[in-house]
Amino acid sequence: MKKIGFLSFGHWTPSPNSGTRSAGDALLQSIDLAVAAEELGADGAYFRVHHFARQLASPFPLLAAVGARTSRIEIGTAVIDMRYENPLYMAEDAGAADLIAGGRLQLGISRGSPEQVIDGWRYFGYQPAEGQSDADMGRRHAEVLLDVLKGEGFAKPNPRPMFPNPPGLLRLEPYSEGLRERIWWGAGSNATAVWAAERGMNLQSSTLKDDETGEPFHIQQAKQIRVYRDAWKAAGHDREPRVSVSRSIFALVDERDRAYFGRGNESADQIGFLDEKTRAIFGRSYAATPDVLIEELRKDEAIAEADTLLLTVPNQLGVDYNAHVIEAILKHVAPALGWR
């Protein structure tokens, strides 16, 4: 395990029991947690994007702010739903955020998952082409994004521009060198992992995937990673890909931890349906004393296959407690798994 970061969904609710009672709370606390995680020695601060929900939704202002407040930690998404995105506008926003962060952006994207509203992307002005699905549209948006992030000119300049142009066709600005190689695809199946590998994207695999074999979640996920790496090698890319998995992991080191997570209610995989046709498997959570956690995590085949582990954090419990959650893993568990 080379890198460990956190992943926040940025939940907020006006409930008096919540530490994030507004969208402003969720955003500002996300910045503070990234700063705290960097100070603790964590490697990454990642954020989930959901539309029409009381969660984080517009990633680039947040990523730019985190980039301005930190200096070392990777910052990223896991993931942005490409069905909702204008890929050219997104390339400009991503380029700006990456330049502010000094080239630390790790941008996770995906075709999307079930959302809060029916066909929410239609409200954003998008619809699939005739004969295509919304998933096809998301993948097409992703391919356009990958293409423009190469930094090659494609737009014919005005012969009488307002400002002088460089020679030749024009590209989108601002352009951030190297960002194209820091795009990740959130794959829910083996087939989409192969699709991502063929297009030279890193792989993000979350706590759920299509139930393709009936085996335990971590075994299916490990197989997905191996299939991805085989496809990457077959495609002939000239760099090594990166692979992340996310997990809910809590080291029980004090009374707060035991009160919040010591009941073991989610210690087994769960089966559900993402839609009428897609059977999915949801990975278990881990909550135990550090010595027990170490032994359990050593048996997780997908964690062993990945180079990056993202810890999903309960952001509504506040910055201080979430920093404690991260620190407990980094201090008491991660070194025994080969981190640092």
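1. Two strands count as paired if DSSP finds at least two bridges between them; the helices (H or I, at least four residues) and strands (E, at least two) named below are DSSP runs, numbered from the N terminus. Keep in mind that this is a predicted model, where local features need pLDDT of at least 70, side-chain atom pairs count only at pLDDT 80 or more, and totals for chains, interfaces and linings use all residues. Residues are numbered from 1 along each chain as its sequence is written, and side-chain values use heavy atoms, with hydrogens and water left out.

2. Start with the barrel. Eight strands close up in the order E1-E2-E3-E4-E5-E6-E8-E13, with parallel pairing. Trp-184 has Asn-202 in E6 as its bridge partner.

3. Next, the helices against the sheet. Helix H2 (residues 59-69) packs on it, touching strands E2 (44-47), E3 (74-81) and E4 (105-110); contact here means heavy atoms within 4.5 Å. Helix H3 (residues 87-100) lies across E3 and E4.

4. There's also an antiparallel pair to find. E10 (residues 270-273) and E11 (residues 279-282) pair in that sense over 4 bridges, and a hairpin of 5 residues connects E10 to E11. Phe-273 sits opposite Arg-279 in E11.

5. Now the inside. A nonpolar core is a set of buried Ala, Val, Leu, Ile, Met, Phe, Trp, Tyr and Cys residues joined through side-chain atoms within 4.5 Å, where buried means under 20% relative accessible area, exposed over 50%, and partly exposed in between (1.4 Å probe, protein chains only). The largest core holds 76 residues, and Phe-6, Leu-107 and Ile-109 have the most contacts inside it. Setting aside neighbours within four places in sequence, Leu-107 touches several residues, including Phe-60, Leu-63, Met-90, Ala-94 and Trp-184. Apart from this core lies another, of 6 residues, among them Leu-7, Tyr-46, Ala-78 and Val-79.

6. Which aromatic rings meet? Rings of Phe, Tyr and Trp (its six-membered ring) pair if their centres lie within 6.5 Å; planes under 30 degrees apart count as stacked, over 60 as edge-to-face and the rest as tilted. The whole structure has 9 aromatic pairs. Phe-6 and Phe-47 make an edge-to-face pair, 5.8 Å centre to centre and with 85° between the planes. It links distant parts of the chain, with Phe-6 in strand E1 (residues 3-8) and Phe-47 in strand E2, 41 residues apart. Both Phe-6 and Phe-47 are buried.

7. Phe-250 and Phe-261 are a stacked pair, at 3.8 Å centre to centre and 5° between the planes. Phe-250 lies in strand E9 (residues 249-251) and Phe-261 in helix H7 (residues 255-261), so the pair ties together parts that are 11 residues apart in sequence. Both Phe-250 and Phe-261 are buried. Elsewhere, ring pairs link Phe-52, Tyr-84, Tyr-123 and Phe-124 into a cluster.

8. Finally, some backbone spots to check. Most residues other than glycine have a negative phi, and most peptide bonds are trans. Ala-78 and Val-79 are joined by a cis peptide bond, with omega about 10°, and Val-79 is in strand E3. Another cis bond joins Glu-173 and Pro-174, with omega about 0°; Pro-174 is in the loop between helix H4 (134-148) and E5.

9. Two non-glycine residues deserve a click as well. Asp-119 has a positive phi of about 50°, sits in the loop between E4 and H4, and is partly exposed at a relative accessible area of 33%. Arg-340 has a positive phi of about 60°, belongs to the segment after helix H10 (319-332), and is exposed at 63% relative accessible area.

Definitions and conventions
Axes are lines fitted to C-alpha atoms, for helices over the stretch in contact, and angles run from 0 to 180 degrees between N-to-C directions.
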